[in-house]
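I opened this one up to go through the aromatic rings, then the helices and strands, one stop at a time. Here are my notes, in the order I looked things up.

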Amino acid sequence: MFISNESVSDEYMVDWGERLGCGMNGSVRSAKSRSTGDECAVKVIRDRPRARAEVEMHAMVMGHENVVQLHEVFCNELKFPGESDATAKLILIMEKMKGGELFQRIADHHHFTEREAVKATKQIVQAVYHLHVVHNVAHRDLKPENLLYVDKSEDATLKMCDFGFAKIDNNDLATPQFTPYYASPQVLEAQKRYKRDKTYTYSKSCDMWSLGVIIYIMLGGYPPFYPAQAARKGIDKAMKQRIADAEFEFPVREWEMVSENAKNLIKELLVVDPEKRLTIEEVMRHPWLISDAPDIPLFSPHFIKSKDALASALAAGNRRLRTVELAPVESAYNPILIRAKQRQKSTTFKTESGPQGDTLDFEEPVDMSCQINILRTALCHMLNLLHMKSEDRVRSSDWEAWESLVRSTPVLAHYSRYDSKHITNQIALSLQKTIVAMKE
């Protein structure tokens with residue numbers, strides 16, 4: 001891409017005092033074109049070979065609707081506060097993204113659903129496909145901060161930015177470029193070997209691992225891998241080991257509303273062996289991206305928005321990974337035990353509303369936790385049914401399990417009026433509300 005030596009101030013009014021953000025190699029500011037009045041973003045980076053490589057990578061891949069556009073580049077002598085002398089800097093004039101980062105949008109969205117997560121993922125996947133397949137380029141720093149919305153409208157386009165680590169994959173990717181939470185096992189191995197073994201390389205599949213982490217956080221609200229101390233920043237030995245072993249889980253509280261298709265995709269992306277990890281072409285064909293996902297609110301905005309909630313979730317994860325505890329027999333899902341408890345003395349409990357807004361009265365066993373576990377199990381089967389074609393549901397094991405629970409559980413008796421073809425997101429949402437009401 002042509003780099004102009006003309007003064008950027010002749011063409012653009014740059015607001016040097018306003019920082020929109022900070023990329024991997026430099027800060028981003030706001031500007032306006034003097035000739036058209038159009039707003040744009042300005043990224044300033046020190047002029048050196050690595051910076052020029054970033055410009056070339058960005059110029060190569062920007063011809064796609066899900067990649068931030070690079071309009072032009074200047075090279076000027078600039079001096080910023082704290083610098084003793086003016087130095088040559090590259091000034092990248094880019095499309096201004098007014099919708100904010102991916103996770104900020106989720107945090108601001110009080111009712112973020114799995115269906116909306118699919119919508120965002122499809123756009124990320126399109127950008128990665130453009131890099132991997134069309135240009136054979138590895139981004140190497142795929143993370144939410146580098147995924148920005150054009151504007152704040154509901155149907156805004158999501159775009160990839162910051163190509164400071166991007167490189168063509170000629171089987172020679174060796175530099176350990178990464179952001180801790182999103183680093184693949186191979187990139188961490190490259191970091192370990194970098195100074196003593198120059199022959200070790202990794203591939204653009206590192207982006208696929210990062211994609212798996214992003215999807216996990218979108219749906220759960222916190223990362224699958226984290227330091228031993230939740231408040232600690234960066235990466236420690238415990239976190240490195242978890243990544244190396246792909247040691248993660250789907251805690252029931254945050255993941256009971258998430259479909260099996262979504263979990264399956266994450267599990268197939270967070271695979272240690274890059275040869276067994278899904279490619280971007282395989283992700284595009286995955287059932288989660290081509291079928292209708294549940295339109296049920298997730299817990300993720302709560303965790304993404306609240307640092308305290310996030311810290312608590314990570315601390316709980318650390319406790320789960322450090323110890324193995326057997327749950328009390330009375331809280332286990334055991335059909336024989338459940339029927340015995342249902343014969344015990346009961347009390348009446350009311351939920352907010354049934355599937356069509358009517359009030360439900362049902363008998364509740366003395367052990368509330370056991371009852372909640374049954375409803376959670378029923379909800380999981382219902383969510384799986386929502387991913388199937390209506391004509392396939394009646395022959396599935398999920399429908400068989402759902403019917404069995406409805407017949408044996410008084411709380412669910414109200415749902416017996418719905419056949420397999422009439423299970424909807426609205427009905428699933430009503431069951432979720434019942435579970436929440438019982439917890440309270």
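Entry 1: I'm working on a predicted model here. By that rule I get eleven aromatic pairs. Y216 with Y222 is one I looked up, and that pair is edge-to-face, at 6.2 Å centre to centre with 65° between the planes. The label follows because planes over 60 degrees apart count as edge-to-face. Both partners are buried: Y216 has 2% relative accessibility, and Y222 has a relative accessible area of 3%.

Y216 also pairs with F250, and I have that one as stacked, 5.8 Å centre to centre and 25° between the planes. Here the cut-off is under 30 degrees, so 25° qualifies. The Y216–F250 pair links distant parts of the chain, 34 residues apart. Y216 is in helix α6 (residues 206–220), while F250 is in the loop between α7 and α8 (252–255).

Which residues do ring pairs link into the cluster with Y216? I wrote down W209, Y216, Y222, F225, F248, F250 and W255.

**Entry 2: a polar partner for Y222.** I went back to Y222 for its side chain and found a polar contact of 2.7 Å to the side chain of E254. E254 is in helix α8. Is E254 buried or exposed? At 8% relative accessibility I have to call E254 buried, because the cut-off for buried is under 20%.

**Entry 3: helix α7.** Next I took α7, residues 237–245, and asked which residues are buried: M239, R242 and I243. Looking down the axis of α7, I see these buried residues fall within an arc of 95°, so they line one face of the helix. A246 follows α7, and its phi is positive, near 50°.

**Entry 4: helix α17.** I checked the length of α17 (residues 397–408) first. Twelve residues at 1.5 Å a residue should span 16 Å, and the end C-alpha atoms are 17 Å apart, which agrees. Then burial: D398, W399, W402, L405 and V406 are the buried ones in α17. They cover an arc of only 125° around the axis, so I put them on the same side of α17. Turned away from that buried side is a face with the exposed residues S397, E400 and R407.

I followed the chain on to A413, in the loop between α17 and α18 (425–439). A413 is partly exposed, at 39% relative accessibility. I took the C-alpha to C-alpha distance from A413 to E403 too: 9.8 Å in space, for ten residues in sequence.

**Entry 5: around β5.** I wanted to know what pairs with β5 (residues 70–78). Strand β1 (residues 3–4) pairs with β5 in the parallel sense over two bridges. S4 has F74 of β5 as its bridge partner. Strand β6 (residues 87–95) runs antiparallel to β5, and eight bridges join them. F74 turns up again here, standing opposite I91 in β6.

**Entry 6: a three-strand sheet.** In what order do the strands of this open sheet run? I read it as β7-β9-β10, with antiparallel pairing. The edge strands are β7 (100–101) and β10 (158–160), each pairing on one side only. Between β9 (residues 147–149) and β10 I have three bridges. L147 has M160 in β10 as its bridge partner.

**Entry 7: the annotated lysine.** Last stop was the UniProt record, an unreviewed entry, which places the feature "binding site" at K43. I located K43 in strand β4 (residues 39–46). K43 is buried, with a relative accessible area of 3%. Which side chain does K43 reach in a polar contact of 2.6 Å? I noted E54 as the partner, side chain to side chain.

Notes:
Residues are numbered from 1 along each chain as its sequence is written. This is a predicted model: local features need pLDDT of at least 70, side-chain atom pairs count only at pLDDT 80 or more; totals for chains, interfaces and linings use all residues. Side-chain values use heavy atoms; hydrogens and water are left out. UniProt positions are given in the numbering used here, feature names are shortened, and annotations may be inferred rather than shown by experiment. Helices (H or I, at least four residues) and strands (E, at least two) are DSSP runs, numbered from the N terminus. Buried means under 20% relative accessible area, exposed over 50%, partly exposed in between (1.4 Å probe, protein chains only). A polar contact is a pair of N or O atoms within 3.5 Å; within protein, one must be able to donate a hydrogen and the other to accept it, and residues adjacent in sequence count only if both atoms are side-chain atoms. The expected span of a helix is 1.5 Å times one less than its number of residues. The arc is that of the directions from the helix axis to the C-beta atoms. Two strands pair if DSSP finds at least two bridges between them. Rings of Phe, Tyr and Trp (its six-membered ring) pair if their centres lie within 6.5 Å; planes under 30 degrees apart count as stacked, over 60 as edge-to-face and the rest as tilted.
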